[in-house]
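This report looks at how parts of one protein chain pack against each other. Please keep the sequence and the model in view while reading.

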Amino acid sequence: MNGDGKSDRLIVPKKLVNKGRAAARLAESVEERSLAKRNSEQQNRHRAQDRTRLHNALIRVREAALRNRRQRFTTLWHHVYDVGRLREAYFGLERNSAAGADGETWQHYGENLEDNLEELARRLKRGAYRAKPVRRVYIPKPDGRQRPIGVPALEDKIVQRACVEVLNAVYETEFLGFSYGFRPGRSPHNALDAVAVAIKRRKVNWVLDADICGFFDAIDHEWLLKFVEHRIADRRVIRHIKKWLNAGVLEDGKRTKRSEGTPQGGSVSPLLANIYLHYSFDLWAHQWRQRRASGDVIIVRYADDIVMGFQHRTDAERFREEMGVRLKRFQLELHPNKTRVLEFGRFAAERRVSLGEGKPETFDFLGFTHICGETRKGSYKLLRQTISARLRNKLREVKMALRRRLHRPIPETGRWLASVIRGHNRYYGVPGNLPALNAFRYQVIKLWLWTLRRRSQRHRMTWNRMQRLVRRWIPSVRICHQYPESRFVVST
């Protein structure tokens, strides 16, 4: 939240449990077959050792980055084309994700995994690797527009993921504490906790809700490469980043190249976006609040979503104006309608009532509408509710999916709806949001009842019968997350 401290932790994935020699023989003797070639005893024995070696190498890189903040790393690429790291990157991918321009799927690539990874490592080592264009697809946004998403080829995903893991060892020592987006060990709820705690405990009377117009499509390649070269001097790393940026987009069979923007959907795009905003915004904003602010200033950034709290209105308005000038220098622009300064905080309601201006305005951040409320005793309380537009859009998606499942068996549909409600609860189950969770569950039940009644012109699906299905398949809602104050103190 404060930006002064930086995370000194290296998030190391838990080791997978390796089956011993006896367990391997027992498992395969049950099926009456010999040990598979790719699962030999020697490979099982050295897999944990190989993973430990990979992480120890990154720890050394990170320690070197911490010792000298101005050091430029000249030899990093050999960490990327290590077969063990490529294997970890492959298993870290989403198994059921869409195929890229080459049509290669995760399952098909894994049928001959070791040979494919060794061949990929050889191409990366000798410079024969070529990045393929990303396949452009569109997904609907909450406001009705279409968000362009790039689907890279499978090998590009593997190499990008391995490269990101290596570069994170350097940049996790560089990024500031108020940057939360797409970083190891950080989640959207950490950013939400930071905003909630800052509004309650710091002198926040005004909030700047900033929105950057088409950020991922506006990133300037020339500036981005300059920023990367501040810490990375390995020409092979720079050359491959250029390959991914210049690979182009494949849409309707036509390939187009762009001199700006990074396609959303690639593993390397979030890291490059964080690097771009670190040098174009984070460092400048942190310096601004230390040298030019007359009161408290808090900053929370998740990718291109920025929320700032100010003690004085003059600081908020001056920062907004200077922020626009700063971002314009790097080919970025604040959205004129979505970027606003609003009165918000513990004393906003009292001041607005005394001036006859009504209730304080609200702002949206990471799927939640933040509202100035009060407890039963009349003290200040920050309310966080699901954004109504997102709730409606999610229900619309459920309705369309139920139509496609009209004649599916009831148990199959019930299991699917249970997974939908559990997933919704896992994200939106924050303290104070229980009414919105119950409303979503009730509307899903109504949609399912409506669908079941449409299966026949003479249905016999009464509400009592529906209640039995609900008790069997639809889980109850619950709060999944702790209060921001308790979790934020522990995490920081």
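## Overall picture

A contact means heavy atoms within 4.5 Å. Of the contacts in this protein between residues at least 6 apart in sequence, 72% join residues at least 24 apart. The model is predicted, so local features need pLDDT of at least 70 and side-chain atom pairs count only at pLDDT 80 or more, while totals for chains, interfaces and linings use all residues. Residues are numbered from 1 along each chain as its sequence is written, and side-chain values use heavy atoms, with hydrogens and water left out.

The secondary structure comes to 19 helices and eleven strands; these are DSSP runs numbered from the N terminus, helices being H or I with at least four residues and strands E with at least two. Of the 492 residues, 48% count as buried, that is, under 20% relative accessible area with a 1.4 Å probe, protein chains only.

Two packed helices are described by the angle between their axes and the distance between the axes. Axes are lines fitted to C-alpha atoms, for helices over the stretch in contact, and angles run from 0 to 180 degrees between N-to-C directions.

The axes of H6 (residues 113-126) and H7 (residues 154-171) come within 12 Å and cross at roughly 65°. That makes H6 roughly perpendicular to H7 (65 to 115 degrees). In this contact, Leu120, Arg123 and Leu124 of H6 meet Glu155, Ile158 and Val159 of H7.

## Helix H7 and helix H11

H7 also packs with H11 (residues 235-246), at an angle of about 135° and with the axes 12 Å apart. H7 is therefore oblique to H11. From H7, Asp156, Val159, Gln160, Cys163 and Leu167 meet Val237, Ile241 and Trp244 in H11.

## Aromatic rings

The whole structure holds 22 aromatic pairs, where rings of Phe, Tyr and Trp (its six-membered ring) pair if their centres lie within 6.5 Å. One of them joins phenylalanine 227 and phenylalanine 330, with 5.7 Å centre to centre and 55° between the planes. This pair is tilted, since planes under 30 degrees apart count as stacked, over 60 as edge-to-face and the rest as tilted.

Phenylalanine 227 lies in helix H10 (residues 221-228), and phenylalanine 330 lies in the loop between helix H13 (313-329) and strand E8 (340-343), 103 residues apart. Both phenylalanine 227 and phenylalanine 330 are buried. Ring pairs link Phe227 and Phe330 with Phe215, Phe216, Trp223, Tyr276 and Tyr279 into a cluster.

Definitions and conventions: Angles under 35 degrees count as roughly parallel, over 145 as roughly antiparallel, 65 to 115 as roughly perpendicular and the rest as oblique. Buried means under 20% relative accessible area, exposed over 50%, partly exposed in between (1.4 Å probe, protein chains only).
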